[in-house]
Every structure is written in structure tokens, then in C-alpha cells.
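Thanks, everyone. Let's take a quick look at one model, starting with confidence and ending with a helix pair.

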Amino acid sequence: MQEIQNIVHTDEYDMDDGSQLSLLRQGFVCFGQKQYAAAIAFYKKALQKNGPLHLEILLYLADAYNAGYDFWLAAETINEACNLLDESQDKGTKDFQRSIRLRQGMYNRNIGNLWQAAEGYRRVVELHESHEHSKRASAYGSYLLTLAGLDVSLDFFKQELFYFADIVSEKSDILERKRQEKGKIRVGYISPDFRHHVMYGFYYYMLFCYNRELFHVTCYSLSGVQDEYTKSIRNVVESWRRVDSLSLDELAAVIRQDNIDILVDLAGHSTGSGLPVFALRPAPVQISGLGWMETTGFAATDYLLTDKYLDGEAEGYHSYLCEKPLFLSSQFCYRAAEGLPDVDRAPCLKNGYITFGSFNSYHKITDEMVAVWSRILQQVPESRLLLKCQVFLDESMQHEMAERFAEHGIESWRLLLEPTSSDYMQRYLEIDIALDTYPYTGGGTTLDALYMGVPVVSRYGNRRSSRFGLSILANAGLSWLAVSDVQMYIELAVALAGDRELLDDLHLGLRNVLGRSNVMNGRMYMRELEKQYVALLNYC
């Protein structure tokens, strides 16, 4: 199998001999030139030929469908490859199997097949060797991120989270480093997202507004992507390290050489995270927060940034946290992008009907959410629902979503299905009421909606990933918009839709409400955070 993969990437044969191999090669060339339709045609022809490359062709065909925004067919094709792989005697190299299983995770997650996606990521973990800590941890992080979107029990999720420590094989022989020098406290922030990314609006104050008389800040970038946002960050912090090519041992060594006192992970189990380096104890104090919606399940994480709404009120939750909670008034401090349009009056006043909306990722729109939103639409005559997410670039995904609602009696004319676009924030001005998802709530989308004057109805439960909406709304002084069960969620959305005067007041006033709240008070946020930093080092 490995020999076949190598041949596909060479020119040592006749590309026009009509064989399965030559067709695959031509498809690969078209793919590299971004001619995805042509690549698909070649791959399909290759599938009709007899030969040993069926699995290889299915993998490349799935990639071509995905690149061409045929997300449903990408998942369907990779699932066919997975079934064939399970039945095959010759499964090929572990690298090849990982390629298929990784795509099983990615492409199924795109279209909301979360259990199949979780299975794919879990199989990737199993296919890595035990010493490949970073790669195993990355795949397992994707597994956990997928699991967070499923309404699994607290006990099951806790069990899966705590397995992460075994994945990265914490090294008990690593001595904890003590603070070695006086003077400024050296804080290191590690993230794959120091670029144009939703997280920019959350870590902004940490990097741009810290006390330079007391703190020295170093950023450890785990991404090769460099853009204007990256440049702005590099210009404001004392030290910048690009570390995406380093092993865990090498990364830990760099952090130790920088004499970092407090190392803060900003990604948790998100893609490309540096969380596994915590196992090597490169800093006396290690903190996680912002980029992950649950406990890390990792004993090497000393503290978790949080607030009382996320972790102070959920019954029995502290036994769920692996870390010590590090309480702030608000875990989040949001900075809106510059140049956004002004807020406007509630669109129902000009439209004559209510428009609900959700701009959350497709995989968060579970069957339960479709059923719940359908009940809301049924109780608000003539209302519409605007859904905006990347997968709607694929028309088949639009049809699939329309069919899901049709099963609950909702006609397609009531659905507005749009792909992501550059006018993302502008589109909030066409929504009267935003509907949050459950059990995996929105974060950036909730704050974006509120900043654009759109009230957000959110439901929360015991799991931390279901409480982000509660935290944001309560810290913004809007706790009445967060409720604890599905019936209250429906009743609140319907009641709000029936009070157009209140809706108009909210649309005109929410930006100011948010701006005066803890959620956008950068000065208070940094004062609290830096006070915690100083206190933590006093214990070292």
C-alpha cells in the first residue's frame, strides 16, 4: 500500500495509459490545481477500473468533494472507505489508516454526524504509537471537542476527559520548576490562534492591555499562519516565539529557557493546542481557559479560568473539575471588531414578521434543536429562521436541513439558509431573536449577536459546555434570557417574539448594555486577572 501511495506522487509512468493508477494520478494533479470537478471525474473513472487502489481513490475523492464544498458527499465517501477498511485484509500502513480515520472525524463532524466523527478521531488515537504524545493528544482533543456537542452524561464525559492524561503519558520524573528570579512576572501565552480567529476577541486584553511595569509577556505561536492580526500581536508583546515545528520536549525546553513563571494555554483541547506540554511542567504555574468549554481533565493543569456562572452554581461541579477554579467576575472579556455597522431597530417592525436566527456551527444543530426550533416556529405564525454556517455552501446540505424541519411540519419558505460570508455581522441586523444551541452553546456568536443588538435565548444544564450562554448573559445583566429547561426556552422565545416594543428597545440598547457590563470591561478584567497571577506566584 505504501508503495502505491509513493507512485501516485511521482511521474515515473505514462499518465495516459488509462489504468486505475494513471487516472488517480491525473485526478491528483487536477486537485492540486484546484480543479475539483475535474479531479472528481478522474477519481470516479478510476473507481470503475479493476485494481488495488479502491481505498486510495475513495480517500482522494472525499477530499475533492470536501474542497469543492460537497460536504455531504465527502462524508458519505469517507464512510464508504471506512467500511471497506474494516473489511479489508490489507489495511495498508498506519499512516494511511490514520489519513482515512482523521477524515472520518473531520467530514462527519462537518455535517453533524457526531458519533461517527468521534469514532474516527478515537481510532486515530489508537493508530498512533504510544510514544507519539503530541499526535495522540491532538487526535484525542478532536474526539473530546466532538463529544462536547453530544448530550452525553456528566459521568461519561468526565471519564473520557480524564483519559487525556494517559494519552500524553504524564512524566512523574519531571521536577516542578520554581520561580528563579525576582523582577517582572514572566507570563507565557500559548495558542494556535494568534491570527484572524474568533479567539482574538477574547484574548485581546491579555496581550494588549497588561501592566508592563509588573509583567513581561511572551507569546508561543503554534501556527504557521501569519497575518495582520499576528503582526499586531507581535508588535505589542515583549517576546514572540513561533514554535509550531517543535516537539513537546523542545517546546518545554524553550519555555524553561524563557524562565516563564505562569504559562497560560488559550486553546484547551481545540485543534493544534499546546496543552500537552503541561505534562512536562515547564512553568511553576499552569493555567487553561477561554478556548475550551470544559475541564481539561488534565492534572498538570493547575487552574482553570472561570466565573461563578460556569462553575460556582452547578451542583457538584467542583468534583468534575480536574483543576482548581480561578474565579474572575467574568471568564470572558469581549472586544468587538472595529468598523462594525451601527445597531438598528428590530427588523420585525419593517418586515411584519419575526425572524429567529442562529449562526452557530452546523454540528451544534442537533435533532433535538431542530425539534425545539420547529415548536417555536409553529407557535409564532409567519416567523422565519435564518441559519448561517459554512456547510450551506453545499446545496445538498441546505436540502438536508430543510428535510429535517419538514419532518416537524415546517415548510421550506420559512427557512433562510446561508453560508458564512464577509457580511456576517451585518446579517445580525436582519434577525429579531437569536436562538442558542444546546448542549454545546455559542460563545463568540452569542457576543456578536448581543453587540449587534440581538437578544439571545439560551438554555443551560450541568455540563460546563452548556453554560457559556448563561455566563455571558448573566455577566451582561441579561440573566433572564438564560433558562434551565427546554419548555422555558420555548416559552421565552415565543413570549419575546410577541413583545415587539421590548424587542425594539433591546435592539437599540443592547450594545450599550453590553459595553457597560463585565463582559466588555477590559480594565477590570485585567486588574482581576493580574491580581490572581500575583497571588498564585506567592504560593510557589
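What pLDDT does the chain average? The answer is 90, and 92% of the residues score at least 70. pLDDT is the predictor's confidence in each residue, from 0 to 100.

Ground rules. This is a predicted model, so local features need pLDDT of at least 70, side-chain atom pairs count only at pLDDT 80 or more, and totals for chains, interfaces and linings use all residues. Residues are numbered from 1 along each chain as its sequence is written, and side-chain values use heavy atoms, with hydrogens and water left out.

Over residues 1-7, pLDDT stays under 50. The model has 13 contacts there beyond four places in sequence, contact meaning heavy atoms within 4.5 Å. Residues 10-14 also stay under 50, with eight such contacts.

Overall fold. The chain has 23 helices and 13 strands. These are DSSP runs, numbered from the N terminus: helices are H or I, at least four residues, and strands are E, at least two. The C-alpha atoms fill a box of roughly 70 × 65 × 45 Å, taken along the principal axes.

Last, the helix pair. Helix α8 spans residues 133-147, and helix α9 spans residues 154-162. Their axes come within 10 Å and cross at roughly 165°. Axes are lines fitted to C-alpha atoms, for helices over the stretch in contact; angles run from 0 to 180 degrees between N-to-C directions. So α8 is roughly antiparallel to α9 (angles over 145 degrees).

Who touches whom? On α8, Y140, Y143, L144 and L147; on α9, F156, F157, E160 and L161.

Methods
Parallel < 35°, antiparallel > 145°, perpendicular 65-115°, else oblique.
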